[in-house]
Amino acid sequence: MEILKCEGVRKVYGSGPNEVTALNGIDLSVSKGEFVAIIGASGSGKSTLLHILGSVDKPTEGKVMIDGTDLSGLNRTEAAIFRRRKVGLVYQFYNLIPTLTVRKNILMPLALDRKKPNQEYFEKVVNSLGIADRLEAMPNQLSGGQQQRVAIARSLIYRPALLLADEPTGNLDRKNTGEIMDMLKLAGRNLGQTILLITHDEKVALEAERMITIEDGRIVKDERRR
């Protein structure tokens, strides 16, 4: 089942002599349950693509479909709701609310919609990520690796169609990087989660089952590793 489809996606900033083409004809298809890494140097266009997939920005040309929804047809409010419900976002910086416990941080997306969590699924997520014993702790009582696990749990709690991870290990040492990558792979296997990882680190990208390389706004390589 196809979860993500991009057709001829272009993104142009500025005009005239100041015009910059960040994306130049991106065609991409990702199926449910895939773990895909998008790798590229700074300025390659990978962050622009992430913003478009996360419905934070719109392409200049082309079409983006996520779980059957055409993102170009969403207004700002609809895009924000779609992002919260359908796209899990994990960043290099954890963005946890410092005054809330781990439990409340994880459940925040549901609280915004006044929805009750599925307790069985909640327990499955926190157990899979190894944070079940830290639910009443505050963010400042956690290590960097633990905070990133909480951020991942928060992104998964709504069962998003797509999890976008933007340099999720950028602030972590090699040991914690390995653990977070293991957690993401576990989420893919145990929760059937579709994951798109954005990174400049080839060692991290090699952990994915499929690696896509972007240069100058174009996909130059798309290889399945397993």
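**Basis of the model**

Two strands pair if DSSP finds at least two bridges between them; strands (E, at least two residues) and helices (H or I, at least four) are DSSP runs numbered from the N terminus. The model is predicted: local features need pLDDT of at least 70 and side-chain atom pairs pLDDT 80 or more, while totals for chains, interfaces and linings use all residues. Residues are numbered from 1 along each chain as its sequence is written, and side-chain values use heavy atoms, without hydrogens or water.

**The antiparallel sheet**

An open sheet is built from four strands in the order β2-β1-β4-β5, with antiparallel pairing. The edge positions belong to β2 (20-31) and β5 (69-70); each has a single partner strand, so one side of each has no neighbour in the sheet.

Nine bridges join β1 (residues 2-13) to β2 in the antiparallel sense. In this pair of strands, Y13 lies opposite V20 of β2. Helix α1 (residues 46-53) lies across β1, β2 and β4 (61-66), and α1 runs at about 120 degrees to β1 (axes are lines fitted to C-alpha atoms, for helices over the stretch in contact; angles run from 0 to 180 degrees between N-to-C directions).

**Packing of α3 and α5**

On the α3 side the contact (heavy atoms within 4.5 Å) is made by V102, N105, I106 and P109; α5 contributes V150, A153 and R154. By class, five residues of this contact are nonpolar, one is polar and one is charged (Ala, Val, Leu, Ile, Met, Phe, Trp, Tyr, Cys and Pro count as nonpolar, Asp, Glu, Lys and Arg as charged, the others, Gly among them, as polar).

**The two largest pockets**

Two or more lining residues come from each of α2 (76-86), β6 (87-90), α3 (102-112) and α5 (144-156). Twelve of the lining residues are nonpolar, three polar and five charged. P109 and R154 also take part in the contact between α3 and α5.

The second largest pocket holds about 220 Å³. Of its 14 lining residues, K32, R159, L191, G192 and Q193 lie nearest the centre. Helices α4 (119-128) and α6 (174-191) each give two or more residues to this lining, which comprises six nonpolar, four polar and four charged residues.

Conventions: On a 1 Å grid over the protein atoms alone, a cavity is a set of points where a 1.4 Å probe fits but cannot get out, and a pocket is an open set with protein on both sides within 12 Å along at least five of seven lines; lining residues have an atom within 4 Å of a point. Grid points are joined across faces, edges and corners, and a volume is the space filled by probe spheres set on the points.
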